[in-house]
Amino acid sequence: MTVGSRRYVLILKCPDTKGVVAAVSGYLAANDASIAESSHFNDEIGDLFYMRTEFRDDGPSMPSLEALGAGFEPIATRFGMTWEFHDLTVKPRILIAVSKFGHCLYDLLHRWRSGLLPVEIVGVVSNHDDMRSFVEWSGIPYHHLPVDKADKAAQEQRILDIVEREQVDLVVLARYMQILSPELCRALSGRCINIHHSFLPSFKGARPYHQAHTRGVKIIGATAHYVTGDLDEGPIIEQGVERVSHANTPEQLVEIGRDIECAVLARAVNWHIAHRVLVNGPKTVVFA
């Protein structure tokens, strides 16, 4: 492989102190790495420093990523860093979960087939069979996992079995209309993204856009976030909104809302797989 053909990224957070940027850039330069992009954020309230540095090999002496990480250990220890190196040329493996509403699934698969979503989609799981033909037409394995309310744990274990067997890096809930158990949320912590309308906690339950229309809302939107045991309250990755008016019908609100959900979920997934999202307690730092 030619020099400069591979791209890597270092993400880190640590107590805010001087010298972090200099130490990182100096270390990379000393190892024949050239920085292509670097972003920083100083959280003055939490007194934490966040950094994402994208780089490429720029000479024959750059070591392997494993060796680069081993050599970085003393710097990380010195500054009290939580850190990770990643190879950006390796496509993350994702599993998509969906129920009966297919708009987010269709959008993700279109982006994937178009090369706009650089991932390996290892499968689609669903508690219904509605999306099977489209998914299998796309050449992707479809796993129909009905939910037995008397033994939901068994269905969730089958999801975890797929995650483990397929070495899944990210689970995407593309309008998967099931509440995940606390146990499943813990198992997928930091690697499961959900999308929903951003009316919550208002207009819960069925037909939220119809409820919103009845109340005469003027803005509708969507929220993508990491899944936690706190229902729909995980760290927010991305949100989007559109203005609406009294002239919009409930059906038009649904259509507008679905478009927003597709766009917001796609951005969240792309940012996650590019390691642009760092969790900061109950919120996130996003280097978009």
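**View 1. An open sheet of seven strands has the order 7-6-5-8-9-10-11.** The pairing in this sheet is mixed; two strands count as paired if DSSP finds at least two bridges between them. Strand 7 (142-144) and strand 11 (236-243) are the edge strands, each with a single partner, so one side of each has no neighbour in the sheet. From one strand to the next the twist averages 15 degrees. Strands (E, at least two residues) and helices (H or I, at least four) are DSSP runs numbered from the N terminus. The model is predicted: local features need pLDDT of at least 70 and side-chain atom pairs count only at pLDDT 80 or more, while totals for chains, interfaces and linings use all residues. Residues are numbered from 1 along each chain as its sequence is written, and side-chain values use heavy atoms, with hydrogens and water left out.

**View 2. Strand 8 pairs with strand 9 in the parallel sense.** Strand 8 covers residues 170-173, and the pairing runs over three bridges. Val-172 stands opposite Ile-193 of strand 9. Strands of a sheet pair through backbone hydrogen bonds, either parallel or antiparallel.

**View 3. Helix 5 and helix 8 lie across strands of the sheet.** Helix 5 (residues 152-165) lies across strand 5 (93-98), strand 6 (120-126), strand 7 and strand 8, and runs at about 160 degrees to strand 7. Helix 8 lies across strand 8, strand 9, strand 10 and strand 11, at about 150 degrees to strand 11. Axes are lines fitted to C-alpha atoms, for helices over the stretch in contact, and angles run from 0 to 180 degrees between N-to-C directions.

**View 4. Helix 7 (residues 208-215) has buried residues.** Pro-208, Tyr-209, His-210 and Ala-212 are buried, meaning under 20% relative accessible area, with exposed over 50% and partly exposed in between (1.4 Å probe, protein chains only). The buried residues of helix 7 pack against strand 9 (192-197), strand 10 (219-226) and helix 8 (250-273), where contact means heavy atoms within 4.5 Å. Gly-216 follows helix 7 and has a positive phi, near 70 degrees.

**View 5. A salt bridge joins Asp-87 and Arg-6.** The N to O distance between the two side chains is 2.2 Å. Asp-87 belongs to strand 4 (residues 82-87) and Arg-6 to the segment before strand 1 (7-15), so that distant parts of the chain, 81 residues apart, are linked. Asp-87 is buried at a relative accessible area of 18%, whereas Arg-6 is partly exposed at 23%. A salt bridge is a side-chain nitrogen of Lys or Arg within 4 Å of a carboxyl oxygen of Asp or Glu; by this rule there are 14.

**View 6. Arg-276 and Glu-37 meet in a salt bridge.** Their side chains are 2.8 Å apart, N to O. Arg-276 lies in the loop between helix 8 and strand 12 (277-280) and Glu-37 in strand 2 (residues 33-43), so the pair ties together parts 239 residues apart in sequence. Arg-276 is buried at 15% relative accessibility, and Glu-37 is partly exposed at 27%.

**View 7. Glu-136 forms a salt bridge with Arg-132.** The closest N and O atoms are 3.0 Å apart. Both residues lie in helix 4 (residues 132-137), four residues apart, about one turn of the helix. Glu-136 is partly exposed at 41% relative accessibility, as is Arg-132 at 26%. Elsewhere, salt bridges that share partners join Arg-7, Glu-37, Arg-52, Glu-54 and Arg-276 into one network.
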